[in-house]
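Have a look at the structure first, then try each task before reading on.

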Amino acid sequence: MEEKHSIVVTVINRAGVLARISSLITQRGYNIENVIGAPTEDPNVYKVNFGIRGTDEQIEKIVKQLNKLIDVIKVEDISHKKNYILREYLIIKVKAKTSTRTDIFELINVFRAKILDVAKNFITIELSGPPRKVSRFIELLSPYGIQQYIRTGEIALRE
Amino acid sequence: MKGAEVVIDSLRKEGVKVIFGYPGGAVIPIFDELYEVEDIRFVLARHEQGAVHAADGYARSTGKVGVCIVTSGPGATNTITGIATAKMDSVPLVVISGQVKRELIGSDAFQETDMVGLTRPITKHNYLVQRIEELPVIMKEAFYIARSGRPGPVSVDIPVDITLSDIKEYDYPSEVNLPGYKPVYEGNVKQIRKVAEEIKKAERPLLYIGGGVIISGGCKEIRELAKIANIPVVSTLMGLGCFDSTHELFLGMPGMHGTYAANHALIECDLLIAVGVRFDDRVTGNLKAFAKDAKIIHIDIDPAEISKNVKAHVPVVGDAKRVLSKLLEYVEPRRKNWWNDTVSSWKKRYPLSYDHKDADGIPPQYVIDLLNEVAPEDSIIVTDVGQHQMWAAQLYRYRYPRTLLTSGGLGTMGYGFPAAIGAAIGNPDKTVIVISGDGSIQMNIQEFATAHLNDVNVKVLIMNNAYLGMVRQWQDLFWNKRYAATCLKRRDGCPPKCDGSEVSCPEYYCPDFVKLAESYFIKGYRVRKTEEVKPILEKIMSYKGPAVVEFVVRREENVFPMVPAGKSLDEMLLGS
């Protein structure tokens, strides 16, 4: 069954390492849906989280290929693992008329999101949380009219 | 110490004896350093592609790392085909390219190209040296990565100002520190015992061996295993030479142009022991029929090859030689059974054959077949790509590893001749025979100069059918004889459509290979009659040094057997 997989790649912090990962995935015929990379507690080590679609078998092949990259220390497909804390960050700009404002505020409260800016016709909100919560929040805001949003894609840490 | 000196010293520390290459602006400092060096030979090719293929031929025939130095920009891009060829066939190369100076990188400077970006998908690893202090470490890593694990090409791109700058403390590293790269050599013993168990249980076992066994040096072990357990053997194109092809257990090459016995054995075996192979589509045909009733054992050093195309029931990750020698401790002798008789009867009933009659030119297969008689036993055969390559694979009886050099994975026309020059330089006492076609040879024909000037013992046999024969064969069999763009005699004035039967067909061939060879001071011969083939082959084998022979062969000869692309291995066209 084709589904989205979350991959965490631990790499040596060297120039071009992100390009190596992304070009390998493209080269094998897959598409990265989201990607985020950042330094870790070890200055020589960098972590990249990304999401790609595929069957378990396909993803296993990609993981093996990624493991072959010289700069890659470790690759984990954490999609089916429960012992990971997953978080994602969202900034969203939603239309807010006087009539709908209270409803939106209530959603913000329920989701423990935070208002970043309020203007005459829209509100800018930030939210961090598990990716499903972020998706749900966007879904519930969409009837009001979403102007734009950006989400980071998930980051993961083992419990 | 200057960066250029570091480069040369690194090469020396890595035991490099020969470098192939071509100079240019961004590598003048390195070449200037080479000017003083006496213990490393430099071979100047006539095109960077020739240089990389030569380094590749040197590497495949000797097992050492092939080294190539070229300049930035076009020098670097000209190596791309050669690097990709080496990557597909797991050949250890270190390709050093110059780069514009660091302050110009990214400014579209003269002869600037993003070599790291270009070679990312076709190298095992690649480097852009950004600081002089990194240079010794990178050189060390490049050689280590190229030759260890599953070998492959490594590109090292060095900005010209780095080769000119000074390093304060230079000490060539004695070891590498690569936390992300730990090739597994020793196979898991539990898995290896399972393999022995499976062999014991099997009724219809088959060994399917490839280039990985040759690379690991495990051919002796394969021969022993096959003999102890009486297991018939099929070998991929890349594996030819690993198993003595004159041995009774040898069934030939399987796949698109494989033998009947090899293909049917693959379909009907109940245990497939795959060693150092990658289940390439040219071998397996349609995967649905491939080894459909068999348990699959897959021994390979590259974990990413396991279950990539065909699911392995017993995977063993490790170096073929080490896994096989461990396996030999556990494997029990097996007696021949009806399966052995069956495959032998296939082999007898459907041998490779060809039409010997001397009509419409020399049968190209005959020329190759004759090499079995006239070529020195330890000759190295190098091919280009196309029909002649398949005939060379089918008809020459390989007996020793590293005696067939051919572009199996990428299928690079123009590989053969420069690769042969590299092989001859690495094996000065051997005869190196290039089996080529009139199409392929023209793709790196400029290397005639390199062959003459280095007086290499390379015999170039051109099977001239005035066609791009393999493509023409497909057009003949599957495209209704519409020979689009495959006739090399075609010229302005030819009718728009021609299936080769036009009477107005120009008689002469362009170029005149004999004159061309002679213009490079190489002895050239043209053979039109079948009875002249043997004397000329004997003649060119009798002296050392390069020779070129053009065989005017039967134009419309096809390679059989043939499994059409995508069909299963039992859907073979056996030919007329």
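**Exercise 1. Find out what share of the contacts in chain A with a separation of 6 or more comes from residues 24 or more positions apart.**

Solution. Start with the kind of model: it is a predicted one. Next, take the contacts in chain A with a separation of 6 or more; residues 24 or more positions apart account for 73% of them. Now turn to the elements of chain A, which has 4 helices and 9 strands. Along the sequence they come in the order β-α-β-β-α-β-β-α-β-β-α-β-β. For the dimensions, the C-alpha atoms of chain A fill a box of roughly 55 × 40 × 30 Å along the principal axes. Finally, of the 159 residues in chain A, 26% are buried.

**Exercise 2. Locate Thr10(A) and decide how it counts: buried, exposed or partly exposed.**

Solution. First find the element: Thr10(A) lies in strand β1 of chain A, residues 3–12. Then count neighbours. A buried residue needs 20 or more other C-beta atoms within 10 Å, and an exposed one has 12 or fewer. Thr10(A) has 17 C-beta neighbours inside 10 Å, and therefore counts as partly exposed. Its contacts, leaving aside neighbours within four places in sequence, are Val45(A), Lys47(A), Ile73(A) and Lys74(A).

**Exercise 3. Describe how helix α14 of chain B packs against α9(B) and against α11(B).**

Solution. Begin with α9(B), residues 189–201, and α14(B), residues 320–330: their axes are 9 Å apart and the angle is about 55°. Because of this angle, α9(B) and α14(B) are oblique to each other. Their crossing is right-handed. On the α9(B) side, the contact uses Val189(B), Ile192(B), Arg193(B), Val195(B) and Ala196(B), while α14(B) supplies Val323(B), Lys326(B), Leu327(B) and Tyr330(B). Sorted by type, these are 7 nonpolar, no polar and 2 charged residues.

Now move to α11(B), residues 219–229, which packs on α14(B) at about 30° with the axes 9 Å apart. This crossing is left-handed. Here Glu221(B), Ile222(B), Glu224(B) and Leu225(B) of α11(B) meet Lys321(B), Leu324(B), Ser325(B), Leu327(B) and Leu328(B) of α14(B). The tally for this contact is 5 nonpolar, 1 polar and 3 charged.

**Exercise 4. Name the residues that touch the most other members of the largest nonpolar core.**

Solution. The largest nonpolar core has 194 residues, and Cys68(B), Leu93(B), Val94(B), Leu206(B), Ile222(B) and Leu272(B) touch the most other members. Take Val94(B) as an example: beyond four places in sequence, it touches Val65(B), Val67(B), Ala142(B), Phe143(B), Ala146(B), Val154(B) and Val156(B). A second, separate core has 13 residues, including Val94(A), Ala96(A), Phe122(A) and Ile125(A).

**Exercise 5. Work out which elements the buried residues of α16(B) pack against.**

Solution. First list the buried residues of α16(B), which spans residues 364–374: Pro364(B), Gln365(B), Tyr366(B), Val367(B), Ile368(B) and Leu371(B). Then look at their partners in chain B, which are α17 (387–395), β15 (432–437), β16 (458–464), α23 (533–541) and β18 (547–552).

Technical notes: Residues numbered from 1 in each chain as written. Chains lettered and ligands numbered in written order. Predicted model: local features only at pLDDT ≥ 70, side-chain atom pairs only at ≥ 80, totals over all residues. Axes fitted to C-alpha atoms, helices over the stretch in contact; angles between N-to-C directions. Helix = DSSP H or I, 4+ residues; strand = E, 2+ residues; numbered from the N terminus. Parallel < 35°, antiparallel > 145°, perpendicular 65-115°, else oblique. Left-handed = near helix turned anticlockwise from the far one by under 90°. Contact = placed C-beta atoms within 7 Å. Nonpolar A, V, L, I, M, F, W, Y, C, P; charged D, E, K, R; others polar. Core = buried A, V, L, I, M, F, W, Y, C linked by C-beta atoms within 7 Å.
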